Amino acid sequence: MLACVLSAALVGVEAALVRVEVDVAAGLPAFTTVGLPDSAVRESRERVRTAIRNAGFAFPADRITVNLAPADLRKEGASFDLPIALGILAATGAVADGRVGSFAVVGELALDGQIRPVRGTLAVGLTCRRSRIGTLVVPLENAPEARAVDGLRVLAAADLCAAVRLLNGEAPDDAAPAPGPAPAAADDLDLADVRGQAHARRALEIAAAGGHNVLLVGPPGGGKTMLARRLAGILPPLTGDEVLEVSTIWSVAGLLARPGQLVTRRPFRAPHHTISVSGLIGGGGPPHPGEVTLAHLGVLFLDELPEFQQHVLESLRQPLEDGRVTIARARGVGDFPARFQLVAAANPCRRGCPSLDRCLCTPGERGRYLGRLSRPLLDRIDLHVELPALAAADLGGGASAESSASVRHRVLRARERQWERFRGTGLRANADMSARQARRFGAPPPEAERLLAQAVSRLGLSARGHDRVLKVARTIADLAGAERLAPEHCAEAIQYRGLDRAWRA
Ligand SMILES: Nc1ncnc2c1ncn2[C@@H]1O[C@H](COP(=O)(O)OP(=O)(O)OP(=O)(O)O)[C@@H](O)[C@H]1O
Ligand SMILES: [Mg+2]
């Protein structure tokens, strides 16, 4: 008897449909799995055999052949256990054969027949909807995640017996709750705690308003890490589609706080400076997503930037430019979204001297430290901010600084102007504009053009640096509620490129 069950394999951060074909034929007892399975899939034979018996069904003493099609797609993990088991039960008549073909099924089996949660259910749900498969059978814990996909019927089962009853139409669909948002984390990181540093606070607000990359340079203990960690608190919330986009990635990476709990806050990833290229960009075979992809639509914070290995920093260049990473390995190609906002912090020199003009390091030492940050990398960072050491007066008591909530309010107004302007273009923020779009949406007046031309020669800005100044100027105008770019918007944007010159000197 032949039975066929639909399932899905994860490819990068998406899911591809897989047909699980099960043939049970007379012959010496054997159980073979073909179709490019990895070791976890091959081991599923033992789990499936034991789970079927322990759930109270008869396991056929025949020759069982399982084929996972298409055969050229590599299959990973234990999520094929449940479709294989249901295929065997359909081939032996325990499940009504006519029904299994109309469902997609994912789930890992425990030896006692319980169904364990799997990674990437959201991606599987989205693929089912695209392929017009009406019903998806998932482990109970993954049900809220799959139910986030509109227009998909989700059946959830806690164990193999429950799955069989569902497929035979003997049990009503359970009415498990829709996905709950993550409980609002008590956010105690507020900008009100940061004293002084008005220049850096302003830069952070501009960065949040336009999605720009920012580099904070300053002496130890001045508040760089403190400020950077408060960026997430002033960013606009994720939209409904963005929640699905980010949650799909996190679900595939197995990082959801609980299976089924969607990511509703913008990601904030802060990897340590000892991270490798494959940890940051993604890698392995088949390729898995790295930190840049986990930071998609959120913030990637690289503290102590010059301490990262140089080739690791250089690997950021492609995702910073394209908002995606493509990783080719012998065992597959991964193409991952990576539209993140980079926030970096650095001391001006290895000794951490108070400022550039009071630095005890020789120019050679400083050059070696800062020289790890290549020109192409600096070029991709829109806002360079130098923080001074805090004055004693700043540290005293007195009124606290402006709170994150009130800064976020201005950021949101500026973003709303951008959404209005970019309607139908697919752009989300000023930082995403191409050079041509930057000119179309923010052509500078002649006076500002002159300022820009001077900056290009004085600071030695590249063409990319010039375009990025223009985008920052557009954000500054949006924060000011101005329709047209004015010279003062460009002038302010230019002063955030100061380190181009100072660092190269
Ligand atoms: N501007 C500030 N306002 C209030 N507290 C501050 C400020 N700057 C620093 N502090 C205090 O100093 C601590 C260290 O600050 P932070 O870690 O942000 O410094 P940093 O600039 O990142 O230093 P390093 O270069 O050594 O990493 C903070 O936890 C905070 O208590
Ligand atoms: Mg720090």
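**Entry 1: cysteines.** I started with the cut-off: a disulfide is a pair of cysteine sulfur atoms within 2.5 Å. I also kept in mind that this is a predicted model. Going by that cut-off, I ended up with zero disulfides.

I wanted to know why, so I looked up two of the cysteines. For Cys361, the closest cysteine sulfur belongs to Cys349, and at 3.6 Å it is too far for a bond. The cut-off I needed for that step was 2.5 Å. I noted too that Cys361 counts as buried, because its relative accessibility is 8%, which falls under the 20% limit. For Cys4, the closest cysteine sulfur is in Cys128, and the distance of 14 Å is too far for a bond.

**Entry 2: the ligand.** Next I asked myself which residues come nearest to ligand 1. There are 15 residues around ligand 1, and the nearest are Arg195, Gly221, Lys224, Thr225 and Asn347. Sorting the shell by residue class, I got six polar, five nonpolar and four charged residues.

Then I went through some contacts to oxygen atoms of the ligand. Thr225 uses its side chain: one of its N or O atoms there is 2.7 Å from an oxygen atom of ligand 1. Gly221 uses its backbone, with an N or O atom 2.8 Å from an oxygen atom of ligand 1. As for cover, ligand 1 exposes 630 Å² when taken alone, and the protein buries 67% of that.

**Entry 3: a sheet.** I moved on to an open sheet of five strands with parallel pairing, and wrote down the order as S11-S14-S17-S10-S18. Which strands stand at the edges? They are S11 (268-269) and S18 (383-386); each has a single partner strand, so one side of each is left without a neighbour in the sheet.

S11 and S14 run parallel and are joined by two bridges, and I found Phe268 opposite Val299 in S14. From S14 (residues 299-302), four bridges lead on to S17 (residues 341-346), again in parallel. Here Leu300 has Leu342 of S17 as its bridge partner.

Terms used. Residues numbered from 1 in each chain as written. Chains lettered and ligands numbered in written order. Predicted model: local features only at pLDDT ≥ 70, side-chain atom pairs only at ≥ 80, totals over all residues. Heavy atoms only, no water. Buried < 20%, exposed > 50% of the residue type's maximum accessible area, 1.4 Å probe, protein only. Near = heavy atom within 4 Å. Polar contact = N/O pair within 3.5 Å; in protein donor to acceptor, adjacent residues only side chain to side chain. Areas by Shrake-Rupley, 256 points an atom, 1.4 Å probe, with all protein chains shown as cover. Nonpolar A, V, L, I, M, F, W, Y, C, P; charged D, E, K, R; others polar. Pairing = 2+ DSSP bridges.
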